[in-house]
Amino acid sequence: MKTVIFFSVLGKSLLPFTSCRSLLSHSATIVINMHLPTNRRSEWTLLFSSVLHGSSFSQMATRINGEGPCIVIVMSSNGKTFGCFASAGFFMGPRFHGDATSFLFEVQPQIRIFSATGLAKNYAYLNVQQSSMPNGLGIGGYESTWPFFIYEEYTTGITLANICSFEKCHLSGSDSFVISAIEVWRVGEKPHSSIENEPTRNEKSIIDKDPQARALLEISGRTMHSEAYREPAALLES
């Protein structure tokens with residue numbers, strides 16, 4: 001049975017209900033959820049957990065392939081927690097999928113969101129057993145240059161700094177990381193048809209156009225303006 005996190009947007013509490021433990025704290029879940037497109041905030045469904053389903057890349061790829069927009073959360077062996085939102089989800093094959101509503105995030109030492117810059121169109125990617133293409137799961141990169149990538153061998157990944165596809169970041173604090181745990185959550189309902197058929201949006205962050213989301217973040221008792229979780233665009237390096 002799949003685990004679902006429910007959010008009460010109009011209710012009194014912003015804290016999620018979940019029947020299993022997540023890698024994210026309640027405050028991190030709230031911040032990330034408020035940066036999602038509005039129609040993707042009502043529920044999160046657990047697609048893969050290394051704790052529940054084992055440390056297997058093939059198992060993860062099978063469970064998330066074509067399941068819709070999702071959040072990938074990694075806890076590394078050095079205690080860092082970080083990940084990405086893939087706006088169209090992941091599809092097995094050599095193509096990239098998604099649009100500029102995709103973003104990266106880190107949870108420690110502080111919660112920060114890194115929006116897409118629009119300088120590149122290489123968003124979500126998932127591929128295996130190819131001789132001339134990267135093998136693994138990633139977003140925002142190409143070949144061996146990625147701000148977030150998990151190798152097909154599963155145990156390790158890379159987080160290179162200052163890749164131009166997203167705002168300036170270095171998610172794991174180093175160029176490579178060792179995986180301690182992974183979760184993947186679908187956000188919102190599973191699309192009835194291919195998410196690839198949805199129109200592409202150019203907005204950088206849904207929170208910039210949603211006053212309710214901004215207000216809800218502030219109600220949680222933190223300084224949660226979207227700008228507080230991003231590096232200024234002027235710091236980007238192309």
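User: Happy to start with confidence: what is the mean pLDDT of the protein chain?

Analyst: Good place to begin, since this is a predicted model. Of the residues in the protein chain, 72% reach a pLDDT of 70 or more. The mean pLDDT over the chain is 80.

User: Which stretches have pLDDT under 50 or below 50?

Analyst: Where pLDDT is low, the predicted coordinates should not be read in detail. One such stretch has 15 contacts beyond four places in sequence in the model, and another has 47 contacts beyond near neighbours in sequence. They are residues 197–204 and residues 219–238.

User: How many helices and strands does the protein chain have?

Analyst: The chain holds 238 residues, and 53% of them are buried. Among its contacts with a separation of 6 or more, 60% are between residues 24 or more positions apart. Its secondary structure comes to four helices and twelve strands.

User: What share of the accessible surface belongs to carbon and sulfur atoms?

Analyst: The accessible surface of the protein chain comes to about 10700 Å². The part that belongs to carbon and sulfur atoms is 52%.

User: Which residues have the most contacts inside the largest nonpolar core?

Analyst: That core has 32 residues. The residues with the most contacts inside the core are Phe90, Leu137, Phe148, Ile150 and Ile182.

User: How many residues are in the second, separate core?

Analyst: This core includes Leu36, Trp44, Ile71 and Phe105. Its count of residues is 19.

User: How far apart are the C-alpha atoms of Ile150 and Ile179?

Analyst: Ile150 and Ile179 are 29 residues apart along the chain. Ile179 is also one of the residues that Ile150 touches. Their C-alpha atoms are separated by 8.8 Å.

User: Which residues of strand β6 point the other way from Phe103 and Phe105?

Analyst: In a regular strand the side chains alternate between the two faces of the sheet. In β6 (residues 103–106), Phe103 and Phe105 point one way, and all four residues of this set are buried. Those pointing the other way are Leu104 and Glu106.

User: Which residue in β6 does Cys84 stand opposite?

Analyst: β4 and β6 run antiparallel and are joined by four bridges. Within β6, the residue opposite Cys84 is Leu104.

User: How many residues lie between β6 and β7 in their hairpin?

Analyst: β6 and β7 (residues 112–115) pair in the antiparallel sense over four bridges. Phe103 stands opposite Ser115 in β7. The number of residues between the two strands of the hairpin is five.

User: Which backbone nitrogen does the side chain of Glu167 reach at 2.9 Å?

Analyst: Glu167 lies in the loop between β11 (156–158) and β12. Glu167 is buried, with a relative accessible area of 5%. The backbone nitrogen that its side chain reaches at 2.9 Å is that of Ser115.

User: What is the phi of Gln129, and where does this residue lie?

Analyst: Most residues other than glycine have a negative phi, and most peptide bonds are trans. Gln129 is exposed at 69% relative accessibility, and its phi has a positive value near 55°. Its place is in the loop between β8 and β9.

User: And Tyr154: is it buried or exposed?

Analyst: Tyr154 lies in the loop between β10 and β11. Its phi is positive too, near 80°, in a residue other than glycine. With a relative accessible area of 5%, Tyr154 is buried.

User: Last one: how many of the nine residues of helix α1 are buried?

Analyst: The buried residues of α1 are Ala28, Thr29, Ile30, Val31, Ile32, Asn33 and Met34. The helix, residues 26–34, is therefore largely enclosed by the rest of the structure. Of its nine residues, the number buried is seven.

Terms used. Residues numbered from 1 in each chain as written. Heavy atoms only, no water. pLDDT = per-residue confidence, 0-100. Contact = heavy atoms within 4.5 Å. Core = buried A, V, L, I, M, F, W, Y, C linked by side-chain atoms within 4.5 Å. Buried < 20%, exposed > 50% of the residue type's maximum accessible area, 1.4 Å probe, protein only. Areas by Shrake-Rupley, 256 points an atom, 1.4 Å probe, with all protein chains shown as cover. Pairing = 2+ DSSP bridges. Polar contact = N/O pair within 3.5 Å; in protein donor to acceptor, adjacent residues only side chain to side chain.
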